[in-house]
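User: I would like to learn how to read aromatic pairs and the nonpolar core in a model of this kind. Could you take me through them step by step?

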Amino acid sequence: MTILKNSTKIILTEANLLVPQVKSKRLASLAKQGLKTDCFEKSRGLIDKNATIESAQEVSVLLKNAVLTVNRRIDEIKKRYPSGKQDKLFAIRYGDLEKLRQRRLKEIFELLDIEKPPKFNLIAELDYFGVRVSHTD
């Protein structure tokens, strides 16, 4: 970095926003996001890394077992229907299979009348593929 002898130094002592944060929803949401990420970064350092790895593995195992259970239950239900109309009758009763898989596991287990395993709350908000679902249509 070079400093010129004849250059003037400008120092900003106060920088006001053009629009007050109170009157702008966007600025307020940005400020909230900044606070959330700061809190998240601080709390992230406090969590033991081994515990997060173990919990991720536990969620993975629970999700695999839930998927197997759902597939078994779907096969059981389809076997009750005549052989040529299994998919159509299943879709009439429970909805399209692909849309069913996009719902939360909590809803899938209730719809298909499956008993929930222990620690189900860890995966209840995930869909069939392991993606967190905030809401379903």
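User: How many aromatic pairs does the structure hold?

Analyst: Rings count as a pair if their centres lie within 6.5 Å, and planes over 60 degrees apart make the pair edge-to-face. In this predicted model, the structure holds three such pairs. One of them joins F109 and F120, which are tilted, with 4.8 Å from centre to centre and 50° between the planes. Because F109 belongs to helix α5 and F120 to the segment after α5, this pair ties together parts that are 11 residues apart in sequence.

User: Are F109 and F120 buried or exposed?

Analyst: Buried means under 20% relative accessible area, so F109, at 2%, counts as buried, and F120, at 7%, counts as buried as well. Y128 and F129 form an edge-to-face pair, because their ring centres are 5.2 Å apart and their planes stand at 85°. Y128, with 10% relative accessibility, is buried.

User: Which residues have the most contacts inside the largest nonpolar core?

Analyst: The largest one here has 21 residues, and V70, F90, L105 and L112 have the most contacts inside it. Helix α2 gives the largest share, seven residues. Leaving aside residues up to four places away in sequence, L112 touches residues including V70, I74, I77 and F90.

User: Which residue lies over the face of F90?

Analyst: K78 does, at 5.6 Å from the ring centre, while the charged end of R93 sits over the ring of Y94, 5.1 Å from its centre.

Definitions and conventions. Residues numbered from 1 in each chain as written. Predicted model: local features only at pLDDT ≥ 70, side-chain atom pairs only at ≥ 80, totals over all residues. Heavy atoms only, no water. Core = buried A, V, L, I, M, F, W, Y, C linked by side-chain atoms within 4.5 Å. Buried < 20%, exposed > 50% of the residue type's maximum accessible area, 1.4 Å probe, protein only. Helix = DSSP H or I, 4+ residues; strand = E, 2+ residues; numbered from the N terminus. Contact = heavy atoms within 4.5 Å. Phe/Tyr/Trp six-rings, centres within 6.5 Å; stacked < 30°, edge-to-face > 60°. Lys NZ or Arg CZ within 6 Å of the ring centre and 35° of its normal.
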